[in-house]
Amino acid sequence: MLTLLSGSTSMAPTDALKVAIPLGLGLASAAYLTIKLTASSGFSTDKSIPMASLRPGETTHDKEYFEDQDAFLQRCEEEYGPVFNIHYMGTSYTVISGAQIREVFLNEDFSSSDAIEELTGMRTFLMSMIKSNREVDSRVIHEIVRDNISPNLALFTPRIVKELEKNLEKELGVCPAEEGGKLVEKPVLVLQEMVANAMANVFVGPEIAKSRKVIDTFITVAGDFGKRTEINVLNPLQVHVQVLVDAATPVILERRRQEAEAIEQGIEYQRPDDIMQRFLDNFDKYNFVDLEDVCGHLLILILASVHTTTDTSTNLLYYMAAYPQYMDKLLEEQQQVLDAIQQERELLRQDLLSKGEAIDADLDPSHDRDLSAAAVKRMVHMDSFVREVFRNRTERLSLMHHARKNIKLSSGIVISKGSDVIINMRSAHQGPDQGEDVTEFQPWRFVGKSKPATKVGVDFLPFGMGRHACPGRFLAMQELKTIGVLMVSKYSKIEVQDPKKLKTVLRSRLGEPTATGLIFTSRS
Ligand code: HEM
């Protein structure tokens with residue numbers, strides 16, 4: 001088997017500082033630009049917790065960790081067991097590994113939000129965008145995603161697919177084999193157009209998503225999140241809120257006019273299906289104050305979703321380039337699933353016809369091979385491929401939590417009030433639950449194991465777990481798998497511009513610029 005991932009990757013700690021925090025944030029994925037290096041409270045004061053030894057002449061573990069994350073954590077686990085203290089990224093943490101990780105995620109006295117606030121001071125900045133739901137532990141954003149987005153994926157999927165496909169065509173298009181394919185030095189730019197347009201169509205609807213200013217907001221808000229130091233001068237997030245307000249106002253007025261007209265004529269008003277409309281329809285339920293507040297909440301959703309999904313889908317393409325031998329299987333699966341669905345629909349049509357019943361528009365043959373949510377769900381090899389990308393790529397130390405009380409773990413170790421813990425992802429993602437050869441990339445590792453990439457647990461933590469587990473993961477996975485499917489069906493080859501840089505790119509961290517481009521070749 002290939003072992004591209006088992007070696008070390010090197011990155012200077014200062015570079016790493018810019019990118020290491022985001023996976024722990026979820027909500028604020030671009031804080032890599034914003035880290036405030038004030039020391040946080042540090043590790044637990046329980047004297048039974050061992051301190052990891054430092055290499056001669058070094059005062060923190062940063063260098064050893066960044067030289068080879070897996071080797072460092074393996075050494076510590078072997079020498080000290082599952083819980084140990086380290087000096088990392090300008091602060092100190094108690095590292096939690098193995099089974100006790102669950103105890104962190106399932107205990108509300110461990111707060112990831114407090115840990116991030118302590119490190120970056122970004123809660124205030126985030127709160128500056130909204131007027132309601134500003135309580136520290138508010139669940140409103142979580143509930144909004146859980147109740148409005150995830151259950152309606154089947155409804156949103158056609159427009160997601162349309163936007164992904166349209167923007168792929170526009171940004172990348174045909175890459176003729178006879179011209180040696182097309183080199184794209186920054187594939188992230190292609191993916192950000194695809195993801196931003198798809199998300200915009202779901203969040204604010206097609207009329208507002210037509211505005212280039214709005215799409216630019218979807219793309220740039222995560223980066224601008226880093227400019228929070230200017231909060232008192234010109235808050236860049238407020239500028240983005242205003243862009244949304246300006247674009248939304250005429251559309252909302254027109255929708256109101258149409259609704260009033262429908263009522264007057266006694267016909268049913270066809271409610272637009274986007275998240276903004278749902279916000280307006282549930283204005284009181286979500287305690288919104290005004291349109292600015294609605295747009296502020298939309299901006300938080302944009303912050304949580306666009307950058308994370310763009311970054312992960314970009315990384316997915318590099319894995320596809322690194323492991324071309326699996327592309328045929330992914331294409332074959334796609335064709336088999338679509339063939340099967342086409343046949344099933346044909347049988348349904350024949351059955352209806354034999355009973356003399358009408359065939360409704362949903363069953364029209366022109367939709368037989370659509371990449372519907374149901375079709376994408378059946379693509380279990382693609383799902384496993386994406387899950388394996390996450391398993392391999394996810395930052396090894398991530399998802400820090402602040403202890404709000406003294407908390408005794410099942411091992412008897414006490415995490416003292418005010419201290420910070422950080423999760424050892426290596427122990428989770430390379431543990432015994434993962435099967436064999438855990439340091440290798442095995443894309444079909446999860447096929448037939450009832451472990452779709454949306455299923456979080458102590459063996460799979462890129463979306464966190466427990467009460468705060470990412471509620472947007474169903475949408476994210478729908479988009480990631482669809483992007484994978486489109487790539488496989490449209491391009492026969494994806495190659496890395498500079499193969500020497502491949503190993504570094506595969507283990508790049510969220511938000512980190514990729515060190516080399518990709519060459520795409522269209523299918524003939
Ligand atoms: C590849 C894409 C994504 C990744 C890797 C990701 C990752 C995460 C992580 C690690 C968390 C923190 C979980 C925890 O604290 O235990 C989180 C939280 C969150 N994510 Fe995502 N996310 C992604 C996409 C999305 C999308 C598309 C949305 C919205 C549609 C979203 C909305 C949220 C929200 C609202 C939270 C806060 C949940 C809470 O605190 O209760 N995310 N995400």
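The protein chain of this predicted model has an average pLDDT of 90, and 90% of its residues score at least 70; pLDDT is the predictor's confidence in each residue, from 0 to 100. Over residues 1–39 the pLDDT is below 50, although this stretch has 113 contacts in the model beyond near neighbours in sequence. Two residues are in contact if their C-beta atoms, placed from the backbone, lie within 7 Å. Where pLDDT is low, the predicted coordinates should not be read in detail. For the complex, the predictor gives an ipTM of 0.99 and a pTM of 0.93.

Residue numbers start from 1 along each chain as its sequence is written. Local features need pLDDT of at least 70 and side-chain atom pairs count only at pLDDT 80 or more, while totals for chains, interfaces and linings use all residues.

**Overall fold**
- The protein chain has 20 helices and ten strands, taken as DSSP runs (helices: H or I, at least four residues; strands: E, at least two) and numbered from the N terminus.
- Its radius of gyration, taken over C-alpha atoms, is 24 Å, close to the 24 Å from the globule rule for 524 residues, so the chain is as compact as a globular protein of that length. The globule rule is 2.2 Å times the number of residues to the power 0.38.
- Of the 524 residues, 44% count as buried, meaning that 20 or more other C-beta atoms lie within 10 Å of the residue's own, with C-beta atoms placed from the backbone.

**Strands S1 and S2**
- Strand S1 (residues 83–88) has five of its six residues buried, so it is largely enclosed by the rest of the structure.
- S1 runs antiparallel to strand S2 (residues 91–96), and six bridges join them; strands pair if DSSP finds at least two bridges between them.
- Ile86 has Tyr93 of S2 as its bridge partner.
- Two residues lie between the strands of this hairpin, where Met89 takes a positive phi near 55 degrees.

**Helix H7**
- The buried residues of helix H7 (residues 140–149) include Ile141, Ile144, Val145, Asn148 and Ile149.
- Seen down the helix axis, the buried residues of H7 fall within an arc of 100 degrees, so they line one face; the arc is that of the directions from the axis to the C-beta atoms.
- Their cover includes helix H13 (275–281), helix H14 (291–322) and H19.

**Cys470**
- UniProt lists Cys470 for "binding site" in an unreviewed entry; such annotations may be inferred rather than shown by experiment.
- Cys470 lies in the loop between helix H18 (425–429) and helix H19 (473–490).
- Cys470 counts as buried because it has 21 C-beta neighbours inside 10 Å.

Notes: Buried ≥ 20, exposed ≤ 12 C-beta atoms within 10 Å, placed from the backbone.
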